[in-house]
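What follows is a walk through one structure, taken a region at a time.

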Amino acid sequence: TQLDEDSIKTILAEYRILSADVRINCDATADELIDVIEGNRVYMPCVYALNKIDAITMEELDILDAVPHYCPISSHYKWNLDGLMDMVFDYLNMTRVYTKPKGQMPDYTTPVIIRGNDIPTVERFCRKIHRQLINDFKYAWVWGSSVKYNPMRVGKAHVLHDEDVIQIVKKI
């Protein structure tokens with residue numbers, strides 16, 4: 001980190017923390033450590049969308065590779081807009097799950113979004129649709145990267161991946 005042990009002890013002593021185990025998992029600065037101790041700031045993940053890449057050269061684009069968390073786009077020519085959307089979904093821990101009614105094609109226009117750091121299971125998907133759906137749940141058919149076979153019959157503890165397709169079968 002950018003902090004050595006003495007500076008960490010000095011900062012902790014200013015806040016009257018004399019006996020503590022400190023674990024830093026990133027390259028933290030003194031300001032970030034103070035923010036964590038005070039608890040008054042929340043650090044949000046961000047993505048820098050760098051527009052107008054159609055107006056720069058490949059050498060300048062290579063220089064931009066040093067920028068962390070960036071996605072080069074061109075809104076005029078609609079270049080890399082899908083890459084930007086994928087990056088936003090990854091950074092915000094969002095999982096898109098598409099529904100498939102029985103006997104019909106999957107609805108790829110409006111996915112069900114499962115957000116957060118919790119594991120996106122079939123049970124969370126059911127609760128997102130309707131809170132009583134899990135009580136009538138029998139099993140589900142899933143197509144996508146989370147299953148070994150397409151389709152595969154799964155239970156409510158199955159973990160869904162981004163862009164999976166699901167069909168819920170209810171108890172009679």
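The model is a predicted one.

Helix 1 covers residues 5-14 and helix 2 covers residues 30-38; the two pack with their axes 11 Å apart and at an angle of about 35°. Their crossing is right-handed. On the side of helix 1 the contact is made by Ile 8, Ile 11 and Leu 12, and on the side of helix 2 by Ala 30, Leu 33, Ile 34 and Ile 37. By class, these residues are 7 nonpolar, no polar and no charged. The spacing of such positions can be read against the helical repeat: an α-helix has 3.6 residues a turn, so residues three or four places apart point the same way.

The loop between helix 1 and helix 2 holds Tyr 15. Which residues does Tyr 15 touch, leaving aside those up to four places away in sequence? They are Ile 34, Ile 37 and Glu 38.

Next comes the loop between helix 3 and strand 2. Asp 65 lies in this loop and is partly exposed, at a relative accessible area of 48%. Its C-alpha atom is separated by 33 Å from that of Gly 39, 26 residues apart along the chain. Pro 68 has its place in the loop too, and with a relative accessible area of 51% Pro 68 is exposed. From Pro 68 to Val 47 the C-alpha distance is 8.6 Å, for a sequence separation of 21 residues.

Backbone geometry is the next topic. Most residues other than glycine have a negative phi, and most peptide bonds are trans. His 69 has a positive phi, near 60°. Asn 80 is not a glycine either, and its phi is positive at about 60°. Asn 80 is found in the loop between strand 2 and helix 4, and its relative accessibility of 36% makes it partly exposed. At the other end of helix 4, the helix is followed by Asn 93, with a positive phi near 55°. The peptide bond from Asn 150 to Pro 151 is cis, with omega near -10°. Pro 151 lies in the loop between strand 5 (137-143) and strand 6 (152-154).

Helix 4 itself spans residues 81-91, and its buried residues are Leu 84, Met 87 and Phe 89. What covers them includes strand 1 (48-50), strand 2 (70-72), strand 3 and strand 4. Phe 89 also has a charge over its ring: the charged end of Arg 96 sits there, 4.1 Å from the ring centre.

How many aromatic pairs does a search of the whole structure find? There are 3. In one of them, the ring centres of Tyr 98 and Tyr 108 are 5.2 Å apart and the planes are at 65°, so the pair is edge-to-face. It links distant parts of the chain, as Tyr 98 is in strand 3 (residues 95-99) and Tyr 108 is in strand 4 (residues 107-114), 10 residues apart. Tyr 98 is buried, at 9% relative accessibility.

Tyr 139 and Trp 141 form another edge-to-face aromatic pair, with 5.8 Å centre to centre and 85° between the planes. Tyr 139 has a relative accessible area of 16% and is buried, while Trp 141, at 28%, is partly exposed. Arg 153 lies over the face of Tyr 139, at 3.8 Å from the ring centre.

Terms used. Residues are numbered from 1 along each chain as its sequence is written. This is a predicted model: local features need pLDDT of at least 70, side-chain atom pairs count only at pLDDT 80 or more; totals for chains, interfaces and linings use all residues. Side-chain values use heavy atoms; hydrogens and water are left out. Axes are lines fitted to C-alpha atoms, for helices over the stretch in contact, and angles run from 0 to 180 degrees between N-to-C directions. Helices (H or I, at least four residues) and strands (E, at least two) are DSSP runs, numbered from the N terminus. A crossing is left-handed if the near helix is turned anticlockwise from the far one by less than a right angle, and right-handed if clockwise. Contact means heavy atoms within 4.5 Å. Ala, Val, Leu, Ile, Met, Phe, Trp, Tyr, Cys and Pro count as nonpolar, Asp, Glu, Lys and Arg as charged, and the others, Gly among them, as polar. Rings of Phe, Tyr and Trp (its six-membered ring) pair if their centres lie within 6.5 Å; planes under 30 degrees apart count as stacked, over 60 as edge-to-face and the rest as tilted. Buried means under 20% relative accessible area, exposed over 50%, partly exposed in between (1.4 Å probe, protein chains only). A charge sits over a ring if NZ of Lys or CZ of Arg is within 6 Å of the ring centre and within 35 degrees of the ring normal.
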